[in-house]
Structures are given as structure tokens and as C-alpha cells.
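Biologist: Could you walk me through this one slowly, please? I am new to reading models.

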Amino acid sequence: MKINGVTYHVEKIGEGEHYLLMLHGFTGKGANFKEMLKGFTELESYTIILIDQLGHGNTDIPSDPQRYRMEHATADLKEMMDRLGISSVSLYGYSMGGRLALSFALTYPEMVKKLVLESASPGLALKEDRYNRKQADEKLAEKIQHEGLQAFMEFWTSIPLFQSQKRLSEKTKAEILEQRMNNSTLGLANSLLGMGTGVQSSYWEQLHQIDFPVLLSAGEWDGKFISIAQEMNKRIEKSHFIKISGAGHAIHVEQPRKFGKIVSEFLSN
């Protein structure tokens, strides 16, 4: 689907009356959620929209990092929903996708029924923290382009955030690596430069505006995002926080069926 000059890879699953747009994390793709969807109860009542975000999977890779900025990605989603004839949608966002889901929800609240955030944040509240993160992301983007995808993936999968994934089966780990290696160095680098946490606005002071149900989730081994979700829970009146046992940052990968059932029940109630 061509949106504002960019061709997005969009996949629809089902023809149910309830729409759910699912947004993946950095180095991922829309299809990452398919195992989790097997845990959904009454899946037939949903139409699931899976997209590959800018610079990821089979979506275009714009050469200008500014095209990846949060406001442009948010506008793309709005145009996509309009083109699909969707006026009311529930959103699910994981990590980077959670920041985008939150941006959309705050920009177009009249369109949002419910919001699920997995291991996500509203950005960084302090200007100094945003500057430091921007500098770190620029260095990481340079590392990706200079050292190549293989070297970057060896580094990326070794950071503390993903250590719990070492518990996964060898087959699952191989599948995850294969999917990540199908990305491009330019796409990932530009995603960091244009849509990284350091360059996006902070949404902390807008959280109180949210007036629809929100499910906040983090894995038991992901202390940083547990703290973030708990703080968000204090600021969003209609939110509920759940800590998922046996999981780290990527709950939908580490506990897909269990988490799928939890998310499905939240959306259905």
C-alpha cells in the first residue's frame, strides 16, 4: 500500500468486525505477532492489521532519516486507516511500536477504542536525557552502516535487554535471527536516527489526556520497563498494569500464547 510516497507492506488477517492494528519493535516486522495471535480467543471476531514499519521488513527504505520521524509515521498510519475505511481501531504496540501506537493514540484519540503497550515508553522526560540518547543512537546507526548487519546483530542480541531470549529454543532463536537479518543496514540506521527515543517528543505530560482503556505490560525480567509501566499506570486513569512471568522485554516472543490470551481478553471485555 503506497502511503505518502512510501510503499508499506500491509497484511490483513481475518474479516471480523473489530479492528486491531499491531506495531512491531526495532529490527522486527509485522509477522512477528502471528504466534501470539494463536493465543487469541474468538480470533474470528477480529480483523488484524500487520504492517512492516519504515525501513523494516518488506516496506520501503527512504534514504532521508527525517522521513522516519514520529510525526510522519503517525500521519502514515492515519492515512492507512482512512484508505482501509477504518474509523475505530484498537492499537497494540511493542517497544518502538509502542511509542508509535502512543503517538497515534494521543494525536487521533477519537479513533482509538483500546490501547495495548508491551514493553513501551512515552519517551524521555528530560531534555538532557533525550540529547544523550540521540548521541547514543547516532553512534549505533554509524556502527550498523560501518560494520554491517551481521556484526550489529551479534551486538544487539547480546545487550541485557534481550538476555532472557537465550532461554528460547534453538529453533526459535534461529528464526528470530533470520528475520532480523532480512532487514537492511540503511533502514535500521535511519529508523534510529529519525524515530529513536532521543529525537521523539516526550509524551509523559500528555498521558492524563487518555480516556480509553489501556493495558500496560512488561516482563518480570525487564525491570526498567516494569518501572516505566508502573509510572504510566499512575498517570492514565483507565489503565491496568500486568507483569508477565517467564518473560523479559519481548513478551510476545517469550510467552506468546499466554500473552495472546491476556491481550485478547482485555480487548474483548
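Modeller: One term to begin with: a residue is buried under 20% relative accessible area, exposed over 50%, and partly exposed in between, using a 1.4 Å probe and protein chains only. This is a predicted model, in which local features need pLDDT of at least 70 and side-chain atom pairs count only at pLDDT 80 or more, while totals for chains, interfaces and linings use all residues. Residues are numbered from 1 along each chain as its sequence is written, and side-chain values use heavy atoms, leaving out hydrogens and water.

Biologist: How exposed is Glu231?

Modeller: Glu231 is partly exposed, because its relative accessible area is 26%. Salt bridges that share partners also join Glu231 with Glu205, Lys234 and Arg235 into one network, where a salt bridge is a side-chain nitrogen of Lys or Arg within 4 Å of a carboxyl oxygen of Asp or Glu.

Biologist: And how far apart are N and O between Arg235 and Glu231?

Modeller: Their side chains meet at 3.2 Å, N to O. Both residues belong to helix 8 (residues 223-235), four residues apart, which means about one helical turn between them; helices are DSSP runs of H or I with at least four residues, numbered from the N terminus.

Biologist: How many salt bridges are there by this rule?

Modeller: The count comes to 17. Among them is Glu138 with Lys134, at 2.6 Å from N to O.

Biologist: New topic: which residues are buried in helix 10?

Modeller: They are Pro256, Phe259, Gly260, Val263, Ser264, Phe266 and Leu267. Seen down the axis of helix 10, they fall within an arc of 160° (taken from the directions from the axis to the C-beta atoms), so they line one face of the helix.

Technical notes
Helices (H or I, at least four residues) and strands (E, at least two) are DSSP runs, numbered from the N terminus.
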